[in-house]
Amino acid sequence: MSEPAILTTTVGSYPIPEWLAALPSEQARLDATRVVFAIQRRAGIDLPTDGELCRFDVNHPETNGMIDYFLRPMAGIRSVVGRRDIDAFRQQNWMQFRRKPAGVVEGTIGEGSLNLQDDCAVAAGAAGGPFKFTITSPYMLARTLLDRHYGDFQKLLMAAADVLAAQVEGVVCDCLQIDEANIPGTPADGPMAAAAINRVLAGFKGRRAVHLCFGNYGGQTIQKGEWGALVSFLNALDVDHLVLEMAHRPPEELQAVKDVDPRIRLGIGVVDVKVNHVETAEEIAQRLDCAEKVLGPGRVAWIHPDCGLWMLKRSVADLKIQALAKGRDLYLGRV
């Protein structure tokens, strides 16, 4: 059967298997990665992820390593923070949902022991076919840091982008996705965030995607904002496609996405990860039909969950993944 006109993918994270958390080891993590890929492929997902299990840390299971996995190994960043550091970070007043910095920048940022190539290679060995590898945006990483070295946020931001750019040059996967969950709440920073993200993406030769959402911490929406304020930022990205939260957003937000440059293919969230309700195939097909009616035929290239699945029970996550593929097939008349 030929490739569908609309492809399915997942955003990144998957619920940590209980047996991996109970008895963590490199072998157990590799086994879990194989399981996560197999679950998605069996469900009919065209471009699965590794569940971001390469980031698993038994001491930080709740965030699935979106921040610490990238920053802790970097040179120039102190990961042990004290009371004065926390007080200074709070005074910056630009990240209300985080009470302390992920690290303190005390020197020139370097890659240190960060090794995305090796982690992606492990995923490739377990993938069994094309897959997507995800990394956190340099903008989001920089916003979690307390800077005691650069004295200028944009310099700090581009230094972080340079580290990630050098790392992704050696990454081998079908698609590289950058995740950004902070800029939707601070759209005025769009130009600098887009410049940093594009610098990272420039070194990668495959499909390039950017995922944006309004936050997904324990099912909570963290950032206040709307897609209409982000269109200029979206149009500045050098990407193949976007991966956008839509199922949990007001339906009228689709209208704003119509103004995204036609050169950028659209990925629309049709599975709400902030609720336990498992969508039916009919509901998925209906959301896809609504999106195409607003955006026009051919604009929707991908459908996916709104965000990662890490906070859901595995039984719920698996059923949502199945519904995603079945709903696409129903809409396209492939069943």
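1. C54 is buried, its relative accessible area being 13%; here buried means under 20% relative accessible area, exposed means over 50%, and partly exposed lies in between, with a 1.4 Å probe and protein chains only. The cysteine sulfur closest to that of C54 belongs to C120, at 8.4 Å, which is too far for a bond. C175 is likewise buried, with a relative accessible area of 0%. Its sulfur lies 6.9 Å from the closest cysteine sulfur, in C173, again too far for a bond. Zero disulfides are found in a search of the whole structure, a disulfide being a pair of cysteine sulfur atoms within 2.5 Å.

2. On the basis of the model: it is predicted, so local features need pLDDT of at least 70 and side-chain atom pairs count only at pLDDT 80 or more, while totals for chains, interfaces and linings use all residues. Residues are numbered from 1 along each chain as its sequence is written, and side-chain values use heavy atoms, with hydrogens and water left out.

3. Strand β3 (residues 103-110) is mostly covered, with six of its eight residues buried. Strands are DSSP runs of E with at least two residues, helices are runs of H or I with at least four, and both are numbered from the N terminus. β3 runs antiparallel to strand β2 (residues 75-78), to which three bridges join it; A75 has G110 of β3 as its bridge partner. With strand β5 (residues 145-147), β3 pairs in the parallel sense over three bridges, and V104 has L146 of β5 as its partner. Two strands pair if DSSP finds at least two bridges between them.

4. Helix α2 (residues 26-43) packs against helix α12 (residues 314-332) at an angle of about 35°, with axes 8 Å apart. Axes are lines fitted to C-alpha atoms over the stretch in contact, and angles run from 0 to 180 degrees between N-to-C directions. V35, I39, Q40 and A43 of α2 meet R314, D318, I321, Q322 and A325 of α12, where contact means heavy atoms within 4.5 Å.

5. N198, in helix α8 (residues 190-201), is buried at a relative accessible area of 13%. Apart from neighbours within four places in sequence, N198 is in contact with A236, L237 and D238. A polar atom of the N198 side chain lies 2.9 Å from the backbone oxygen of A236.

6. E52 is found in the loop between α2 and α3 (68-71). Its phi is near 60°, a positive value in a residue other than glycine. E52 counts as buried, at 7% relative accessibility.

Technical notes. Polar contact = N/O pair within 3.5 Å; in protein donor to acceptor, adjacent residues only side chain to side chain.
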